[in-house]
Amino acid sequence: MTAPEAIAARIADWRHGVQGPMTLELYPTLSCNLDCIFCDTTERHRPPINELSTERWLEIIDEAAGLGVQRAFVLGGGEPLARRDCLQLLDRIKGHGLEGILTTNGTLMGPAVAEQLVNSGWDEVHVSIDGPDAATHDPLRGRPGSFRRTVRNTCRLGMLARRRGAKLKTALHFVIMRTNWRTLPDMVRLAKSLGAFRIDFDALIAYTPAQKALDLTHAERHALPEVARSAQQLADRFGIATTLQHFTDTAPAVRGNTEVKGTVAPGLRGAPCLKAWHYLVVQADGRTSPCCVLAGEGGSVAERSLSDVWRSDPFMNRVRQGMLAHRPLPRCAECSPNILSHEQVIRGHLQQSPETHLLLPEGPSVP
């Protein structure tokens, strides 16, 4: 994983002029083979519209490597493996020596996919599982049998990687909802059985009535910390990393009311979020943003270079100037504590740099 101190060092170099992003997040498609009732990507029900061609995606990966990108996340509002050329994109990423992370629902990760991931030296696969059993997971995913396929494929991938001595690691992703919040300890046990090194627990963000029906009640929010502490103790015993620290102390806030705040330090050293200086998201149609929450609100790389959008896109620069002024966009309140805590670590390294407080300007020199 690209270290926070390396990201901070890249951000600090903005004092010399525009620096390229450290991470490229790709959404190859919004299509999906599942029908998760908590998903906010309604496009998954439609045929692909205006998706970038294979050729353009490959060019974007090449451009990213030229800009100094160190890590590529492949995920999106749909299932990346539902796109036929996804493995070709993954190969191009590893061909540039980038760290590669794939997020998948796991149902399409069959033997051939597992072979290619292991053989290519892929780094991490994050598998979305929202329950420790089919009775919990399948209704949320909208497809009977999805739990069985996901667990089978994840188990096969892990066994193949261990047998080949590959570096590939597996993580799980779990969204906390009314129907599964009591299962956190069992999810830790499932992670251990699958050989996962981490579980990312995240809060549901609810827009639609169907999503709001899955959100925790007031009483459930107050009961969650005890369950989370039990799961954390188990994870500590198993040596599995988690993000449960955001749920163990007090009742979690409703997602969408997250307070995005920085420090009193001037300029970048105090900015509430630094994503716009080190992270670039590209949607299936080419539109961009500095993070998943703001996905698709920036300019498109369908016909513009990645460098041009990164340097001079009006939306990207508006986000930067807002962060420098400690005025995040309203939608930033939808951010996950998992993301903000990582940004806080990066900011800590930036503040500790002996040169940064002397040489870092109040704002980036964006043309």
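This text walks through the structure from overall shape to single residues.

The model is predicted. Its protein chain folds into 13 helices and nine strands. Start with the overall dimensions. Along the principal axes, the C-alpha trace spans about 55 × 45 × 40 Å. The radius of gyration is 20 Å. A compact globule of 367 residues would have a value near 21 Å, so the protein chain agrees with that expectation.

Next, the contacts. Take the pairs in the protein chain that lie at least 6 residues apart in sequence and touch: 74% of these contacts join residues at least 24 apart. Burial comes next. Of the 367 residues, 57% count as buried.

Now the surface. The accessible surface of the protein chain comes to about 15,200 Å². Carbon and sulfur atoms account for 52% of that area. The charges can be summarised by their mean positions. The protein chain carries 42 positive and 39 negative charges. The mean position of the positive set and that of the negative set are 3 Å apart.

The largest nonpolar core has 92 residues. Within this core, Leu117, Leu184 and Phe201 touch the most other members. Phe201 is worth a look on screen. Beyond its neighbours within four places in sequence, Phe201 is in contact with Phe174, Ile176, Leu184, Met187 and Val188, among others. Its contacts also include Thr242, Thr243, Leu244, Phe247 and Asn338. A second core is separate and has eight residues. Among them are Phe38, Val175, Leu204 and Leu214.

Two loop residues complete the tour. Glutamine 283 sits in the loop between β8 (279–282) and β9 (288–289). Is glutamine 283 buried or exposed? Its relative accessible area is 13%, so glutamine 283 is buried; the cut-off for buried is under 20%. What does glutamine 283 touch, not counting residues up to four places away in sequence? The partners are Tyr27, Leu52, Trp57, Ala295 and Gly296.

Alanine 325 lies in another setting. Its place is the loop between α11 (314–324) and α12 (337–352). The relative accessible area of alanine 325 is 32%, so this residue counts as partly exposed. That class covers values between the buried limit of 20% and the exposed limit of 50%. Alanine 325 and glycine 267 are 58 residues apart along the chain. Their C-alpha atoms are separated by 7.8 Å.

Methods: Residues are numbered from 1 along each chain as its sequence is written. This is a predicted model: local features need pLDDT of at least 70, side-chain atom pairs count only at pLDDT 80 or more; totals for chains, interfaces and linings use all residues. Side-chain values use heavy atoms; hydrogens and water are left out. Helices (H or I, at least four residues) and strands (E, at least two) are DSSP runs, numbered from the N terminus. The radius of gyration is taken over C-alpha atoms; the globule rule is 2.2 Å times the number of residues to the power 0.38. Buried means under 20% relative accessible area, exposed over 50%, partly exposed in between (1.4 Å probe, protein chains only). Contact means heavy atoms within 4.5 Å. Accessible areas come from the Shrake-Rupley method with a 1.4 Å probe; for residues, only the protein chains shown count as cover. Lys and Arg count as positive and Asp and Glu as negative; His and the chain ends are not counted. The place of a charge is taken as NZ of Lys, CZ of Arg, CG of Asp or CD of Glu. A nonpolar core is a set of buried Ala, Val, Leu, Ile, Met, Phe, Trp, Tyr and Cys residues joined through side-chain atoms within 4.5 Å.
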